[in-house]
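Dear colleague,

Please find the structure below, handed over for your records.

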Amino acid sequence: MSIHIKTATITDLQSALSDGEETAVSLAEMYLDAISGDETDAFLGTYDDVREQAQAADQRRADGEESPLLGIPLAVKDNILIDGKPVSAGSKILEDYVAPYSATVIDKLQSAGAVLVGRTNMDEFAMGSSTEHSAYQTTKNPHDTGRVPGGSSGGSAAAVAGGLVPAALGSDTGGSVRQPASFCGVVGFKPTYGAVSRYGLIAMGSSLDQIGPLTHSVADAEIIHNTIAGPDKRDSTTYAEGIYGTPTDAPKTIGVPRALLDTDGVSTDVKENFTAALENLKSAGYEIVDIELPALAEALAMYYIIMPAEVSSNLARYDGVSYGLRTQDADLFTQYINTRRDGFGPEVKRRLLLGTYVLSAGYYDAYYRTAVRARQVLEKAFTEVFSKVDAIATPTTPAPAFRIGDMSDDPLEMYMQDVFTVGANIGGVPAISIPSGTSTIEGSELPLGLQLMAANNHEDTLFTIGKDFEQSQT
Amino acid sequence: MSDDIDIEKISKLARVDLGDADTDELAANIRDILSYVSSVEKVAGEAGAPEVGAVRNVLREDTDPHEPGAYREALLREAPAVDEDGFIVVPPIL
């Protein structure tokens, strides 16, 4: 079997490795070659020890080791730390920063024998839906290079869709794995909050952030997730086994929050594609029911209070004192404000101001505390709904990939990208985006995605339905 | 309630100089966003008494400390300015 680099799954590559048709070194060379010819600007850099990593993986295989990720090349979003490697979160403020330790997910991937090839482009500090807010470059969508790949994990999505790596890690705070996955026609998975350690992930919104994979198949997402998940003493928000229940029966019922589909700006193509996706799920044996989940429609409003609040607090650490960019100024206060002036881009500054405002005396109750209370209502509503249905289905995005530059004037319009995805972050529940077909716009076939959400710790429900959905489309 | 956005004051609180950014436009952006997010009130009204979630923030046991200085070099390597005794150099506070 020869490898089709654009579509090869981890499972395909693993069988080529175990049959001896390929080695980790030959795979690494093949993908590095593809990366060197990349025209989408998906990567911010490749690592200098890829060959050594691959040789070590081949040695482990020769010694009799087997593991689904042994010798598999993977890319990592530029906000996940690898000891001794540059990592910038797509920001000038960390331009020359070298990670002094590795994230827990990296330790786990390395133990599993994955070969980490490079770091992918992203919106600065994961704030954005297009990679246009990266301080370095705008990644292009491999399906139409005039369009964005989505974001903030746009580099990871473009890298997988373009066949530059078989899979990549991203991080998802409001949809940053699922939305670019949908735009680029790949699978994107956000785990339950606390399923995967955030140790070594550069923080954006700490009560929302989760690390998740972008892959060619649901099975591949499951492989990576199962490798990186689990409690971690270095992240006290990871949960121990038994905190939440696990699915007892095979999933049967899928709920559709009809009211949310009528949100302004949901394209006709997306609605039609979603209807067709539901038909496929029906033909795969699932029962589709309408559900009421009014709080879900307010998730985006909660998000744009809670997230900037956490951003303004998390990004306080970039002050030019102990690491990162520092301007030369006569006194410390001026150094703080000038370092942050030169180091942060406009979107980061906007969210810092917004977060500072909603947390400031006099507005804290009106905005932040109110949003936290609303969040509690959504969490309860999810629990109630998931006692009746096994999963919730929505489109992943209101429209397919937009043109580069189309949304740079109006931040609120860009924020609306997250309307279907933020609910899972606010509620903490797991969610997946699976390619569901295409929409033809101006001669380009642009991918669309189906999103499924499930109860806390019910990732298996999503993998089961996701695989059935993939099957139903073939 | 968001008509009185004082960008200069917030930017000072946020410890960020806005350089040549258009502060009127920023204020307008923020006003738009705040007007959009104010709808959370509708939902918040249904909230009951605050509850503790399933995931608890926990402290580790204060045991097994690492060797003093084990990470010192790796961390100081990233500092913008360090003196010969290994202290980070900063400009005067006042």
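**The sheet of chain A**

Chain A holds an open sheet of 11 strands in the order 1-3-2-4-6-5-10-11-9-7-8, with mixed pairing; strands (E, at least two residues) and helices (H or I, at least four residues) are DSSP runs, numbered from the N terminus, and two strands pair if DSSP finds at least two bridges between them. At the edges stand strand 1 (43–46) and strand 8 (287–290) of chain A, each with a single partner strand, so one side of each has no neighbour in the sheet. From one strand to the next the twist averages 30°; angles run from 0 to 180 degrees between N-to-C directions, and axes are lines fitted to C-alpha atoms, for helices over the stretch in contact.

Before going further, please note that this is a predicted model, in which local features need pLDDT of at least 70 and side-chain atom pairs count only at pLDDT 80 or more, while totals for chains, interfaces and linings use all residues. Residues are numbered from 1 along each chain as its sequence is written, and chains are lettered from A and ligands numbered from 1 in the order in which they are written.

Of the 6 residues of strand 4 (residues 167–172) of chain A, 6 are buried, a residue being buried if 20 or more other C-beta atoms, placed from the backbone, lie within 10 Å of its own. In a regular strand the side chains alternate between the two faces of the sheet. Here Ala167(A), Leu169(A) and Ser171(A) are buried on one side of strand 4 of chain A, and Ala168(A), Gly170(A) and Asp172(A) on the other.

Strand 4 of chain A pairs with strand 2 of chain A in the parallel sense over 2 bridges, where Leu169(A) is the bridge partner of Val76(A). With strand 6 (residues 210–215) of chain A, strand 4 of chain A pairs in the antiparallel sense over 6 bridges, and Ser171(A) stands opposite Ile211(A). Elsewhere, strand 5 (residues 187–190) and strand 10 (residues 431–441) of chain A are antiparallel partners over 3 bridges, with Phe189(A) opposite Ile432(A).

**Helices of chain A**

The axes of helix 7 (residues 218–228) and helix 16 (residues 459–473) of chain A come within 9 Å and cross at roughly 160°. Helix 7 and helix 16 of chain A are therefore roughly antiparallel, the word for angles over 145 degrees. Val218(A), Ala219(A), Glu222(A) and His225(A) of helix 7 meet residues of helix 16 of chain A, including Phe463(A) and Lys467(A); residues are in contact if their C-beta atoms, placed from the backbone, lie within 7 Å.

Helix 13 of chain A has 21 residues, which at 1.5 Å a residue should span 30 Å, and its end C-alpha atoms are 29 Å apart, which agrees; the expected span is 1.5 Å times one less than the number of residues. Among its buried residues are Tyr367(A), Arg375(A) and Phe382(A). The cover over the buried residues of helix 13 of chain A includes helix 10 and helix 12 of chain A together with helix 3 (40–44) of chain B.

**The contact between the chains**

Chain A gives 51 residues to the contact and chain B gives 46 residues. Helix 12 of chain A contributes the most to the side of chain A that touches chain B, with 8 residues. That side has 29 nonpolar, 12 polar and 10 charged residues; Ala, Val, Leu, Ile, Met, Phe, Trp, Tyr, Cys and Pro count as nonpolar, Asp, Glu, Lys and Arg as charged, and the others, Gly among them, as polar.

With kind regards

Note on methods
Contact = placed C-beta atoms within 7 Å. Parallel < 35°, antiparallel > 145°, perpendicular 65-115°, else oblique. Buried ≥ 20, exposed ≤ 12 C-beta atoms within 10 Å, placed from the backbone.
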